[in-house]
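Me: I'd like to learn how to read the inside of a protein model. Could you walk me through it?

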Amino acid sequence: DWSSDVCSSDLGGTEYLHEKEVDLATTLDVDTRESRFVFKETRIKLEDLAFTVDGSVTAKKATRLQLSIVSNEADLSSFISLLPRQYVDYFKEYKTEGRFEFNMQLSGSGSAPGVAARFIVKEGKLTPPDGEVSLDQLQLAGDYSSAGAGGKGLLNIPSIEAHLRAQPLKADLQLEDFSQPF
């Protein structure tokens with residue numbers, strides 16, 4: 001078991017986990033000849049969010065990742081607080097409610113791994129800073145993928161359902177190339 005009051009992480013030039021509290025419990029197999037670390041039944045708690053991690057990191061010559069990260073169902077606002085700062089700053093004035101869960105696979109180069117993630121928001125509510133209207137009963141499921149270094153990210157949410165002023169709202173969303181999404 002390991003605990004830290006402050007943790008920061010940089011991946012592909014984006015800072016994740018800026019000064020976050022971390023608790024870790026793991027079974028770790030280490031192969032020193034191959035510089036390979038295998039995580040089994042690893043439990044990580046970042047701030048208020050709990051995750052399980054399985055997989056391996058090989059650090060021989062170049063770092064290679066093969067990790068599966070699964071969240072327990074958590075509060076949506078807790079998840080948003082773990083996003084990179086540029087995204088947290090966008091949402092910081094919004095009030096959020098709801099439950100969030102996700103499953104993510106990281107594979108490839110340690111500096112810019114490929115990412116495949118699925119996520120779900122249940123019983124959500126999103127209220128802008130002025131608080132005049134809210135998206136209520138927000139339900140969505142989607143996925144995000146990136147091919148790693150030089151890969152263009154793809155965010156796909158094929159079904160978004162909510163109520164706006166008690167009127168049903170249905171939508172879908174797809175964003176490509178996050179460096180220039182518009």
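Reply: A nonpolar core is a set of buried Ala, Val, Leu, Ile, Met, Phe, Trp, Tyr and Cys residues joined through side-chain atoms within 4.5 Å. Buried means under 20% relative accessible area, exposed over 50% and partly exposed in between, using a 1.4 Å probe and protein chains only. This is a predicted model, where local features need pLDDT of at least 70 and side-chain atom pairs count only at pLDDT 80 or more, while totals for chains, interfaces and linings use all residues. Residues are numbered from 1 along each chain as its sequence is written, and side-chain values use heavy atoms, with hydrogens and water left out.

Me: Which residues have the most contacts inside the largest nonpolar core?

Reply: In general, nonpolar side chains tend to be buried together in soluble globular proteins. Here the largest core has 28 residues, and those with the most contacts inside it are Phe-51, Ile-69, Phe-100, Phe-102, Met-104, Phe-119 and Leu-140. Among the elements giving it two or more residues are strand S7 (95-109), strand S8 (114-127) and helix H1 (76-80). Helices (H or I, at least four residues) and strands (E, at least two) are DSSP runs, numbered from the N terminus.

Me: What does Ile-69 touch?

Reply: Contact means heavy atoms within 4.5 Å. Leaving out residues up to four places away in sequence, Ile-69 touches Phe-51, Thr-52, Val-53, Phe-102, Asn-103, Met-104 and Leu-106.

Me: Is Val-121 buried or exposed?

Reply: Val-121 lies in strand S8 and counts as buried because its relative accessible area is 6%. Its C-alpha atom is separated by 6.9 Å from that of Glu-101, 20 residues apart along the chain.
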